[in-house]
Amino acid sequence: MSGLLITFEGGEGAGKSTQIPLLADHLKKCGFEVVVTREPGGSPGAEAVRHVILSGAAETYGPAMEALLFAAARSDHIDQKIRPALDAGQIVLCDRFIDSSRVYQGISGNLDQQFMQSVERITVAGTLPDLTFILDIPAEKGLARAGLRRGDEAADRFEKETIATHEARRQAFLAIARAEPQRCKVIDADRPVEMISAEIAALTDALLQSCEVTANG
Ligand code: Z5A
């Protein structure tokens, strides 16, 4: 039995971490086994790499180095957590995944597309999302939300970048959604939390009805 991999993508402050537990609750109420995880991180090895990347320690070595660090973390995360959960028929909800690498390293880092595609193919080894929610919000609004949430803590390596860079990333996520409309659903994230979660739950329910994943409860 194979589970489902559902990923959440989008710019800073779009509301991914807010929406994931709401979808998890909805699915659990329907009787599904749910695993919530995140990238970079999600397994002990990947969490160690997360610290290196988000502290900015690898930034001076360039985007290719960062892309490979994200890939190393993802490979461990998939092996240790995601694939075993899918093999057990569970629904995995992951905060960021391959599209973040495509956008942050591939587009913002201006890396060769063939290099990025090869790294992705080797890293995921066939474990690809069944459904991806791209939470879309103007960069300025998302960053304002992320700033409020952070409070006095320092911005991380990516939050510090310019509005133009964040807006370009937003457009890159939307371009991925246009290229893969079957997998990617663009969600207007500039709305009340409950309205967004209702749309996400409805789209997930529709996918579940069309595939073989069944609830245990
Ligand atoms: N990265 C990469 O470069 N390459 C990769 O391959 C991967 C990642 C996997 C991880 O950061 C960084 O790594 C990330 C990309 C890069 N860049 N940055 N920064 P992270 O894991 O520390 O954080 P994040 O993924 O960027 O989270 P986030 O985008 O900052 O936040 P969010 O999860 O989308 O938003 P939130 O925490 O749910 O909400 C933010 C605030 O807004 C919070 O106070 C909420 O209460 C509020 N909120 C949420 N929804 C709403 C609505 N609907 N209305 C009003 N207020 C709301």
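What follows is a set of questions and answers on this predicted model.

Q: How many salt bridges does the structure hold?
A: There are 14 salt bridges in the structure. A salt bridge here needs a side-chain nitrogen of Lys or Arg within 4 Å of a carboxyl oxygen of Asp or Glu. One of them joins D79 and R83, whose closest N and O atoms are 2.9 Å apart.

Q: Where do D79 and R83 sit relative to each other in helix 3?
A: Both belong to helix 3 (residues 63–87), and because they are four residues apart there, about one helical turn separates them.

Q: Are D79 and R83 buried, partly exposed or exposed?
A: The cut-offs are under 20% relative accessible area for buried and over 50% for exposed, with partly exposed in between. D79 has 42%, so it is partly exposed. R83 has 24%, so it too counts as partly exposed.

Q: Which parts of the chain does the salt bridge between R183 and D99 link?
A: In this salt bridge the closest N and O atoms are 2.8 Å apart. R183 counts as buried at 9% relative accessibility, and D99 is buried at 0%.

Q: Which parts of the chain does the salt bridge between E180 and R102 link?
A: The closest N and O atoms of E180 and R102 are 2.8 Å apart. This pair also links distant parts of the chain, with E180 in the loop between helix 7 and strand 5 and R102 in helix 4, 78 residues apart. E180 counts as partly exposed at 27% relative accessibility, and R102 is partly exposed at 25%.

Q: Which residues are linked with D99 and R102 in a network of salt bridges?
A: The network consists of D99, R102, E120, E180 and R183.

Q: What describes two packed helices?
A: Two packed helices are described by the angle between their axes and the distance between the axes. In this structure, helix 2 (residues 44–54) and helix 3 pack at an angle of about 160°, and their axes are 8 Å apart. Helix 2 and helix 3 are therefore roughly antiparallel to each other, and their crossing is left-handed.

Q: Which residues make the contact of helix 2 with helix 3?
A: Helix 2 contributes G45, A46, V49, V52 and I53, while helix 3 contributes E66, L69, F70, A73, D76 and H77. Sorted by class, the contact has seven nonpolar, two polar and two charged residues.

Q: At what angle do the axes of helix 4 and helix 7 cross?
A: The axes cross at roughly 130° and come within 10 Å. That angle makes helix 4 oblique to helix 7. The crossing of these two helices is right-handed.

Q: Which residues of helix 4 meet helix 7?
A: From helix 4 they are D99, S100, R102, V103, Y104 and I107, and they meet R169, A172, F173 and I176 in helix 7. By class, this contact of helix 4 with helix 7 has six nonpolar, one polar and three charged residues. D99 and R102 also belong to the salt-bridge network.

Q: What phi does R96 have, and what phi does N110 have?
A: R96 is not a glycine, yet has a positive phi of about 75°. R96 is in the loop between strand 3 (91–95) and helix 4 and counts as buried at 15% relative accessibility. N110, also not a glycine, has a positive phi of about 55°. N110 is in the loop between helix 4 and helix 5 (113–124) and is exposed, with a relative accessible area of 68%.

Note on methods:
Residues are numbered from 1 along each chain as its sequence is written. This is a predicted model: local features need pLDDT of at least 70, side-chain atom pairs count only at pLDDT 80 or more; totals for chains, interfaces and linings use all residues. Side-chain values use heavy atoms; hydrogens and water are left out. Buried means under 20% relative accessible area, exposed over 50%, partly exposed in between (1.4 Å probe, protein chains only). Axes are lines fitted to C-alpha atoms, for helices over the stretch in contact, and angles run from 0 to 180 degrees between N-to-C directions. Angles under 35 degrees count as roughly parallel, over 145 as roughly antiparallel, 65 to 115 as roughly perpendicular and the rest as oblique. A crossing is left-handed if the near helix is turned anticlockwise from the far one by less than a right angle, and right-handed if clockwise. Contact means heavy atoms within 4.5 Å. Ala, Val, Leu, Ile, Met, Phe, Trp, Tyr, Cys and Pro count as nonpolar, Asp, Glu, Lys and Arg as charged, and the others, Gly among them, as polar.
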